[in-house]
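Thanks for coming. I will go through one model today, starting with charged pairs and then moving to the cores.

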Amino acid sequence: MMDANERAVAIEVRDVRKRWGDFEALKGVSFKVYEREMVALLGPSGSGKSTLMRCINHLETINEGRIYVCGELVGYEERNGLLYELGDRAVSEQRTKVGMAFQSFNLFRHLTAIENVTLALRCVRGLDRAGADAVARTQLAWVGMEDKADAYPAQLSGGQQQRVAIARAMAMQPEVLLLDEPTSALDPELSREVVATIRRLSLEGQTMVIATHDLSLVRDYADRVLFMVAGQIVEDAPAEKFFNNPENERTVQFLRSMAGE
């Protein structure tokens, strides 16, 4: 594995805090993700993993801190030390650098698979129908869904819908890909289809952050693990060290509970 110091920083999160009223979901979270790195977010339910992912893509605003993708401040511009939220068009342009697939797939039910993939290509990238269709078919073929291009989400299995969602994200040629619990809504057989796609992305060097409870996926493919508890990162370690020699007692407890001990 290439040393992190030899790679550019793809994502930098600096002391990010997110609050809803008196509840603080993220409590000063800081970390970096390097190019071509696959980082897994682990932690018990409610630890802040999904909130953090949504903040990286500015689907949630932050109360304090800074988030950068490829060196660009996400969601805001800074003037005289103060942050001012960007307009919708500027945020949409930034999001072209960040692909995201959700646990619930978030496909438009009234659109076919290919129409789901081409929508952002046409509306954000400005491609014409022929150009967008060509890109979409290439991405659908890459995830093994070329024969389902004209199918509607209701006609697809959960694993097939997730692969379409990944194709939609990758069609924009994002710098980083965020996967929020990509297999948790799937049974083991369908989950394997999605894991195979994630494996291919990893082998091709796609920068990824994956929030998941699938320890086998993390163990097999992740470079690094960020372990979250109650809105804080309590362990940041290479995957092998995380599983074989964790330093934080809360990490040890989590791994034991997941192993059924």
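How many salt bridges does the count come to by the rule used here? The rule is a side-chain nitrogen of Lys or Arg within 4 Å of a carboxyl oxygen of Asp or Glu, and the count comes to 15.

Some bookkeeping. This is a predicted model, so local features need pLDDT of at least 70 and side-chain atom pairs count only at pLDDT 80 or more, while totals for chains, interfaces and linings use all residues. Residues are numbered from 1 along each chain as its sequence is written, and side-chain values use heavy atoms, with hydrogens and water left out.

Take arginine 17 and glutamate 64, whose side chains meet in a salt bridge at 3.9 Å, N to O. Arginine 17 lies in strand 1 and glutamate 64 in strand 4, so the pair ties together parts that are 47 residues apart in sequence. Helices (H or I, at least four residues) and strands (E, at least two) are DSSP runs, numbered from the N terminus. Arginine 17 counts as partly exposed at 24% relative accessibility, and so does glutamate 64 at 35%. On that scale, buried is under 20% relative accessible area, exposed is over 50%, and partly exposed is in between, with a 1.4 Å probe and protein chains only.

Next, glutamate 78 and arginine 66 form a salt bridge at 3.1 Å, N to O. Glutamate 78 is in strand 6 and arginine 66 in strand 4, twelve residues apart. Contacts (heavy atoms within 4.5 Å) of arginine 66, leaving aside neighbours within four places in sequence, include Glu12, Val13 and Leu83.

Lysine 97 and glutamate 72 also pair up, with their closest N and O atoms 2.5 Å apart. Lysine 97 sits in the loop between helix 2 and strand 8, and glutamate 72 in strand 5, 25 residues away.

Now the cores. A nonpolar core is a set of buried Ala, Val, Leu, Ile, Met, Phe, Trp, Tyr and Cys residues joined through side-chain atoms within 4.5 Å. The largest one has 36 residues, and Leu140, Val164, Leu179, Ile198 and Met208 have the most contacts inside it. Helix 5 gives the most to this core, seven residues. A second, separate core has 30 residues, among them Ile11, Val13, Ile67 and Met228.

Last, leucine 111, in the loop between strand 8 and helix 3. Leucine 111 is buried, at 15% relative accessible area. Its C-alpha atom is separated by 8.5 Å from that of alanine 151, 40 residues apart along the chain.
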